[in-house]
Amino acid sequence: MKEALFLEPVFKEMIWGGTRLREDFHYEIPGEQTGECWAVSAHANGDCKVKGGSFAGEHLSTLWKEHRELFGGAEGEVFPLLIKIIDAKADLSIQVHPDDEYAKVHENGSLGKTECWYILDCDPDAKIVIGHHAQSKEELKQMIADKRWNDLIRVLPIKKGDFFQIEPGTVHAIKAGTLILETQQNSDITYRLYDYDRLSNGKPRELHLEKSIDVIGCPHQDVVTDRAVEQKAGAAVEKLVSCKYYSVEKLEVVGACSFELKEKFRIFSVVEGSGVLDGTELKKGDHFILPAGYGTYELAGDMVLISSYPQE
Ligand code: ZN
């Protein structure tokens with residue numbers, strides 16, 4: 001089908017959210033603490049609708065169920081990926097996700113979660129939590145029992161354009177003043193390790209210490225991704241990561257560039273600038289899927305896109 005599927009985002013109010021999804025992306029957000037834009041999602045907690053064209057008003061989950069031909073007959077009960085833009089005005093709690101195996105046993109057959117972050121923008125002194133300093137499970141347990149959070153948690157400085165792959169078992173958190181695009185497995189299983197002893201409605205939010213200790217990898221191992229850039233006429237294509245679940249690329253379009261859809265389908269998010277997809281105007285904040293059989297496509301203009309597809 002030669003028709004891109006443009007999606008309508010779903011927004012989530014969060015205690016740590018802000019207003020940058022309106023200020024930077026011109027979305028109509030529901031309130032002054034909007035933390036998440038679920039941009040490409042077929043998850044029951046936020047199922048995006050198609051914006052126009054032949055499938056206008058249909059949910060992405062419905063297309064996945066009833067029109068699998070759009071996705072080249074890709075397998076799986078649920079649409080495999082979930083793309084979010086996250087506006088962290090305050091620190092998020094420190095978390096860890098299980099892998100598929102652990103989630104299957106302990107979370108009623110649910111999928112685990114691998115995710116990755118592209119830093120769209122951040123404050124000059126912004127930081128992020130990735131990993132921890134315990135050398136063994138024993139040390140991890142002891143540091144948690146002693147509440148030595150500052151010694152345990154590994155905090156790194158970040159800048160716009162940085163990219164992080166978060167494997168299951170990795171301690172992680174987004175900190176205040178950060179705007180990111182997240183590409184993840186379609187799963188919502190999160191274990192909260194530490195919440196800075198904050199209160200929400202007078203009570204601390206629930207922690208999941210035992211499950212966290214179960215799944216945290218010791219010692220922490222960084223994932224180093226090889227960010228290779230391919231320079232084409234009119235565009236630079238940078239491979240950000242290719243893992244068991246997805247591949248993610250950054251496309252910087254300056255001029256016009258032709259591509260061939262080689263995957264079963266491909267997801268795009270315009271994160272900077274504006275341009276055109278085969279005659280259809282694109283602007284920052286647009287998210288779309290090119291369905292199976294789309295063939296050749298041209299991206300033109302002056303824009304940056306993050307693009308992904310599931311691993312087959
Ligand atoms: Zn996470």
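This is a predicted model: local features need pLDDT of at least 70, side-chain atom pairs count only at pLDDT 80 or more; totals for chains, interfaces and linings use all residues.
## Basis of the model

Local features require pLDDT of at least 70 and side-chain atom pairs count only at pLDDT 80 or more, whereas totals for chains, interfaces and linings use all residues. Residues are numbered from 1 along each chain as its sequence is written, and side-chain values use heavy atoms, with hydrogens and water left out.

## Zinc site

The zinc ion is coordinated at 2.0 to 2.6 Å by His-97 (NE2), Glu-115 (OE), Glu-115 (OE) and His-172 (NE2). Donors are N, O and S atoms within 2.8 Å of the metal (3.2 Å for Na, K and Ca); water is not among the atoms, so sites may look incomplete. The donor residues follow the spacing H-x17-E-x56-H in sequence. His-97 lies in the loop between strand S8 (94-96) and helix H3 (100-106), and His-172 in strand S13 (residues 172-174), so the pair ties together parts that are 75 residues apart in sequence. Helices (H or I, at least four residues) and strands (E, at least two) are DSSP runs, numbered from the N terminus.

The angles among the four donor atoms are 51 to 128 degrees, and the site is irregular (four donors count as tetrahedral if all angles lie between 85 and 135 degrees; four count as square planar and six as octahedral if opposite donors are over 155 degrees apart and all others between 65 and 115; anything else is irregular). Both His-97 and His-172 are buried (under 20% relative accessible area, 1.4 Å probe, protein chains only).

## Sheet

Six strands form an open antiparallel sheet in the order S2-S3-S7-S14-S9-S12; two strands pair if DSSP finds at least two bridges between them. Strand S2 (10-18) and strand S12 (163-166) stand at the edges with a single partner strand each, so one side of each is left without a neighbour in the sheet.

Strand S9 (residues 115-122) and strand S14 (residues 178-185) run antiparallel and are joined by seven bridges. Cys-116 has Thr-183 in S14 as its bridge partner.

Technical notes:
Buried means under 20% relative accessible area, exposed over 50%, partly exposed in between (1.4 Å probe, protein chains only).
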